[in-house]
Amino acid sequence: VANLAPAMVKAQVVAALRGDWLAARALHFRLQPLVEACFWESNPIPVKAMLARMGRTGPTVRAPLCAPSPATAKRLKEMVAAFGLR
């Protein structure tokens with residue numbers, strides 16, 4: 001998730017390091033759907049698909065990885081949009 005939403009993950013870590021457990025916990029729960037999306041199919045397939053959608057990597061993967069199923073690809077597209085990931 002750190003590669004998908006680095007600013008949010010950094011904010012969570014900084015909050016935890018300064019002892020602001022309420023903020024760290026809130027960010028944890030905010031990030032939870034994104035973490036779960038990373039495992040909708042064998043990891044790192046969803047992560048690579050979301051990074052490609054964000055323009056951070058190309059759309060192809062090396063064997064033995066494959067593209068996500070069309071249904072998962074649709075859900076991942078919606079997750080990227082919901083988080084406003086770029």
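Select helix H1 to begin: it has 12 residues and spans 16 Å from its first C-alpha to its last, close to the 16 Å expected at 1.5 Å a residue. That expected span is 1.5 Å times one less than the number of residues in the helix. Helices here are DSSP runs of H or I with at least four residues, strands are runs of E with at least two, and both are numbered from the N terminus.

Before going on, a word about the model: it is predicted, so local features need pLDDT of at least 70 and side-chain atom pairs count only at pLDDT 80 or more, while totals for chains, interfaces and linings use all residues. Residues are numbered from 1 along each chain as its sequence is written, and side-chain values use heavy atoms, with hydrogens and water left out.

**Stop 1**

Highlight Val 9, Gln 12 and Ala 15, the buried residues of H1. Buried means under 20% relative accessible area, exposed means over 50%, and partly exposed is in between (1.4 Å probe, protein chains only). These residues cover an arc of only 125 degrees around the axis, so they sit on the same side of H1. The arc is taken from the directions that run from the helix axis to the C-beta atoms. Now turn to the face pointing away from that buried side, where you will find the exposed residues Ala 7, Lys 10 and Leu 17. The buried residues of H1 pack against H2. After H1 comes Gly 19, with a positive phi near 85 degrees.

**Stop 2: the whole chain**

Zoom out. The chain has 4 helices and 0 strands, and its elements run α-α-α-α from the N terminus on. Its C-alpha atoms fill a box of roughly 40 × 20 × 20 Å along the principal axes. Of the 86 residues, 29% count as buried. A contact means heavy atoms within 4.5 Å. Among contacts with a separation of 6 or more, 57% join residues 24 or more positions apart.

**Stop 3: two cis bonds in the loops**

Select Asn 43 and Pro 44: the peptide bond from one to the other is cis, with omega near 20 degrees. Pro 44 belongs to the loop between H2 and H3. Next, pick Ala 63 and Pro 64, whose peptide bond is also cis, with omega near 10 degrees. Look for Pro 64 in the loop between H3 and H4.

**Stop 4: helix H4**

Select residues 70-83. This is H4, with 14 residues and a reach of 20 Å from first C-alpha to last, close to the 20 Å expected at 1.5 Å a residue. Which of its residues are buried? Thr 72, Leu 76, Met 79, Val 80 and Phe 83 are. Looking down the axis of H4, you will see these buried residues fall within an arc of 100 degrees, so they line one face of the helix. What covers them includes helix H1 (6-17), helix H2 (21-37) and helix H3 (45-53). The face turned away from the buried side carries the exposed residues Pro 70, Ala 71, Lys 74, Ala 81 and Ala 82. H4 is followed by Gly 84, which has a positive phi near 65 degrees.

Thr 72 counts as buried because its relative accessibility is 7%, and Thr 72 touches Trp 40 and Glu 41. Val 80 is buried at 6% relative accessible area, and Val 80 touches Met 50, Arg 53, Met 54 and Leu 85.

**Stop 5: the nonpolar core**

A nonpolar core is a set of buried Ala, Val, Leu, Ile, Met, Phe, Trp, Tyr and Cys residues joined through side-chain atoms within 4.5 Å. The largest one has 16 residues, of which Leu 4, Leu 34, Met 50, Met 54, Met 79 and Leu 85 touch the most other members. H2, H3 and H4 each supply at least two residues of this core, and the largest share, 4 residues, comes from H4.

**Stop 6: charges over rings**

A charge sits over a ring if NZ of Lys or CZ of Arg is within 6 Å of the ring centre and within 35 degrees of the ring normal. Show Arg 75 and Trp 40: the charged end of Arg 75 is over the Trp 40 ring, 3.7 Å from its centre. Then show Arg 30, which lies over the face of Phe 83, at 4.3 Å from the ring centre.

Technical notes: Lists of a residue's contacts leave out its neighbours within four places in sequence.
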